[in-house]
Amino acid sequence: MKSKTYEEFVEKFKPKKTTDDCYTPPYIYDAVKSWAANEYGLEGRPVVRPFYPGGDYENYEYPENGVVIDNPPFSVLSKILDFYLERRIDFFLFAPTLTIFSHIQNRPVNCVIIDCAIEYENGAKVRTSFVTNMGDYKINVCSGLTVALSAIQREALKKVKAELPKYDYPDELLTAAKIQKIAKYCDLKIKGSDVAFVRTLDAQRTHKKTIFGGGFLLSEKSTAEKLKAEKAAAEKAAAEKANAEKVGAEVWGLSDRELEIIRELSGE
């Protein structure tokens, strides 16, 4: 049996995951590659992925007429874009949605915007879009790719993630999972003399089911207090949501200079 000291020594030399190590799920990559190939007519062209743990994209042997479709480290995305532009290498790269305009503003680079938080294999959830030097549109907001990736990811995660069963318990049973939801809006205090701990209800025994985390049976008085607190919390939550919807975002107008730029772009 290896000693703890040995394991710690070995661990020092293992590559460490960073925010750049997104490890794109195959089902996401394959869907993106297929979409890009169809959108830009890439049939017959070699597609390469130079971004992998320990890889060196600058010294990678790019094939003639090849195109890069990959998920690069976001922290050096600007450097990567300039590298490919200088060498006239076509690319279609994953990029962080919220800062994507900063990468394309002063470069002959286009973006494909989607509304999807991709869940990568290291557990990171990143709102992701794409940058490319192919295509005719500077900004392409693509509903088709959004819907496709969202559906593919949803189905894939159903297969790999075990879902906890959902049970509907009687009012007289208190579980931490349910009662925690009122904590933001209401107080509720219950004495020990009004509760009895249970790990399963008799009705569950024949099905070999249990209450996740256990629960407490409540006295009639405490059940009434719990129901009153839940109702009050629900009403406050609804009111909070309604008030939030009434508060609009601050509107920023356009200056005369910016309006003139728009007129020039419109050929007026």
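**View A. A three-stranded open sheet, in the order 8-10-9, with antiparallel pairing.** In this predicted model, local features need pLDDT of at least 70 and side-chain atom pairs count only at pLDDT 80 or more, whereas totals for chains, interfaces and linings use all residues. Residues are numbered from 1 along each chain as its sequence is written, and side-chain values use heavy atoms, with hydrogens and water left out. Strand 8 and strand 9 (195-198) are the edge strands, each pairing on one side only; two strands pair if DSSP finds at least two bridges between them. Strand 8 is joined to strand 10 (residues 215-218) by two bridges, and these strands run antiparallel. Leu-173 has Leu-217, in strand 10, as its bridge partner. Strands (E, at least two residues) and helices (H or I, at least four) are DSSP runs, numbered from the N terminus.

**View B. The salt bridge between Arg-107 and Asp-82.** The closest N and O atoms of this pair are 2.7 Å apart, a salt bridge being a side-chain nitrogen of Lys or Arg within 4 Å of a carboxyl oxygen of Asp or Glu. Arg-107 lies in the loop between helix 4 (100-104) and strand 4 (110-113), and Asp-82 lies in helix 3 (residues 77-86), so the pair ties together parts that are 25 residues apart in sequence. Arg-107 counts as buried at 17% relative accessibility, while Asp-82, at 30%, counts as partly exposed (buried means under 20% relative accessible area, exposed over 50%, and partly exposed in between, with a 1.4 Å probe and protein chains only).

**View C. The salt bridge between Lys-184 and Glu-240.** The side chains meet at 3.2 Å, N to O. Because Lys-184 lies in the loop between helix 6 (176-179) and strand 9, and Glu-240 in helix 8 (residues 220-246), the pair ties together parts that are 56 residues apart in sequence. Lys-184 is exposed, with a relative accessible area of 61%, and Glu-240 is partly exposed at 37% relative accessibility.

**View D. The salt bridge between Glu-260 and Arg-263.** The N to O distance is 3.0 Å, and the two residues, three apart in helix 9 (residues 256-265), are separated by about one helical turn. Glu-260 is partly exposed, with a relative accessible area of 34%, and Arg-263 is likewise partly exposed, at 35% relative accessibility. The count of salt bridges comes to eleven.
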